[in-house]
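Me: I would like to go through some of the labels used for this model and the grounds for each.

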Amino acid sequence: MGGRTDFHDCFGNIPVSRLRHLLQALITDAGLFGLIEAFLARRPAPDTGHRGELRGLPQGSPLSPLWANLVLADYDTRVVTAGFPLVRFADDMVALTADRNDAWEAMRVMNEAAGELGMALGSAKSAVMSFEEGFSFIGEDFGPRYPPATGGHRMTQPDRRVVYLAMQGAHARLDGGRLVVESSDDAEVLNVPSGLVERLVCFGAIGISAGLRSWALASDVDLVFLSRRGTYLGHAWPAASGRRLARLRAQLAAAEDAQRTLAFSRAVVAAKAGKQKILLQRFARRDNHEPVLAAVRRIDHLLAMLPDCANRDETMGIEGAAAREYFVALSQIVPEPMAFTGRTRQPPQDTINAALSYGYAIILAEAISALCAAGLDPAIGMFHAEQDRRPSLALDLMEEFRPLVIDQVVIAAARRAELRPEHGHRDDHGGGVLLTKAGREILVGSYERRMLQQTRGALPGFTGNLRRHLYRQAQRAAAFIEDPQATWTGLSWR
């Protein structure tokens with residue numbers, strides 16, 4: 001169910017006074033703002049019969065949609081914080097609900113929010129609708145059979161793939177230009193052309209032949225080694241070049257510069273906590289929105305304190321406080337049968353925590369690969385301190401990808417009942433919970449689909465799947481380390 005509506009004469013009724021206030025906060029160049037002010041204060045042509053300043057924004061201007069979205073962002077937040085997920089394209093929108101009563105309440109909230117902006121909803125398109133009855137949205141018809149579920153929506157298929165090896169006792173070798181993987185009893189479980197392999201990620205007791213290792217190092221194919229639980233153990237990559245050594249020297253110098261590590265730490269925490277907040281907003285529903293959005297407000301309060309942090313330890317404190325709020329709120333979102341009450345690790349105590357830990361290990365391995373490709377040493381961190389042989393810079397890089405990728409995948413799989421309590425089993429030796437083979441397959445498959453999703457706008461002038469964005473962020477980290485004047489920011493996500 002949902003409420004379907006649009007704005008009456010959207011551009012013509014955008015409150016320009018509110019827009020001016022928002023633009024003043026964003027634009028510090030007086031000359032540029034003066035030009036914008038002249039545009040906003042435009043007057044009608046003499047022969048039109050209109051007098052005074054025109055209302056709203058001009059139809060057909062390329063700036064009008066951008067400025068309208070800037071004003072309507074507050075409208076979106078108002079509807080979402082009432083517990084209604086909102087899909088809005090320009091002035092057309094649908095608020096999604098569980099039943100018809102909530103749909104009418106969503107319509108009331110949307111109408112009230114529009115009135116707070118001095119705008120009104122259009123009567124022609126406003127209606128309560130359902131997928132069973134069918135409805136039209138931005139020229140597309142939706143019903144009980146359309147659109148079909150497509151796992152590859154907005155995915156880009158790469159030329160080479162990541163191979164995850166988790167069958168204990170398996171061994172991998174190179175044979176006639178093909179990667180062959182056999183089980184502990186010598187049964188063949190994988191046979192693919194080696195040219196299709198981008199990375200090998202090995203969990204636990206996996207054998208790698210000498211020939212395969214030599215080929216991987218010569219062919220720039222990453223070999224990543226994780227424990228059975230997913231703890232990072234090591235990584236193999238080709239010998240360092242002169243360019244990489246120069247970057248290592250710059251990296252060591254940057255890690256000793258308190259002001260630069262502070263700037264980087266603030267950016268990392270802002271990127272991670274901001275995405276945690278967005279994920280909570282996306283999963284907020286009428287039955288949980290009060291505690292979930294209360295946590296969002298507390299995270300906002302913590303983020304407001306971030307610019308006042310004087311050192312890396314203080315930013316770490318903000319990050320920890322935000323994480324506590326976040327995981328408590330996640331317990332309100334995860335379905336009750338999963339019995340998730342908060343983050344537990346080393347070892348994880350339930351299926352959700354096992355899935356999160358497993359996913360974090362996978363993306364940590366990718367972050368290490370991305371940093372090595374950028375000529376950086378993953379061990380020399382800017383936010384995380386170096387200790388216990390951990391890849392500190394890789395932990396820095398992956399922070400914003402935890403909620404953006406792993407948490408999104410795990411929570412969505414649990415809410416769709418793809419990931420269930422039986423996909424975790426108690427480890428007799430470690431005392432924690434491990435994912436079953438079926439659970440690992442669900443997580444890895446969902447993770448790969450997520451990493452292959454195409455996106456644009458997350459970084460200025462850059463388009464690609466999320467895996468490419470991870471590598472791009474590593475390159476931007478290298479630029480930040482080499483150039484004292486450079487800045488590093490997280491990805492945009494709404």
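Me: What makes up the open sheet of four strands, and in which order do they stand?
Reply: The order is β10-β9-β8-β12, and the pairing is mixed. β10 (188–193) and β12 (207–208) each have a single partner strand, so one side of each lacks a neighbour in the sheet. Strands (E, at least two residues) and helices (H or I, at least four) are DSSP runs numbered from the N terminus. This is a predicted model, in which local features need pLDDT of at least 70, side-chain atom pairs count only at pLDDT 80 or more, and totals for chains, interfaces and linings use all residues. Residues are numbered from 1 along each chain as its sequence is written, and side-chain values use heavy atoms, with hydrogens and water left out.

Me: Why are β8 and β9 called paired?
Reply: Two strands pair if DSSP finds at least two bridges between them. Five bridges join β8 (residues 171–175) to β9 (residues 178–182), so these strands meet the definition. They run antiparallel, and D175 stands opposite R178 in β9.

Me: Why is D186 called exposed, and why does D9 count as partly exposed?
Reply: Buried means under 20% relative accessible area, exposed over 50%, and partly exposed in between (1.4 Å probe, protein chains only). D186 has 53%, so it is exposed. D9 has 39% relative accessibility and therefore counts as partly exposed.

Me: What is the phi of D186, and where is this residue placed?
Reply: D186 has a positive phi of about 70 degrees although it is not a glycine. Its place is in the loop between β9 and β10.
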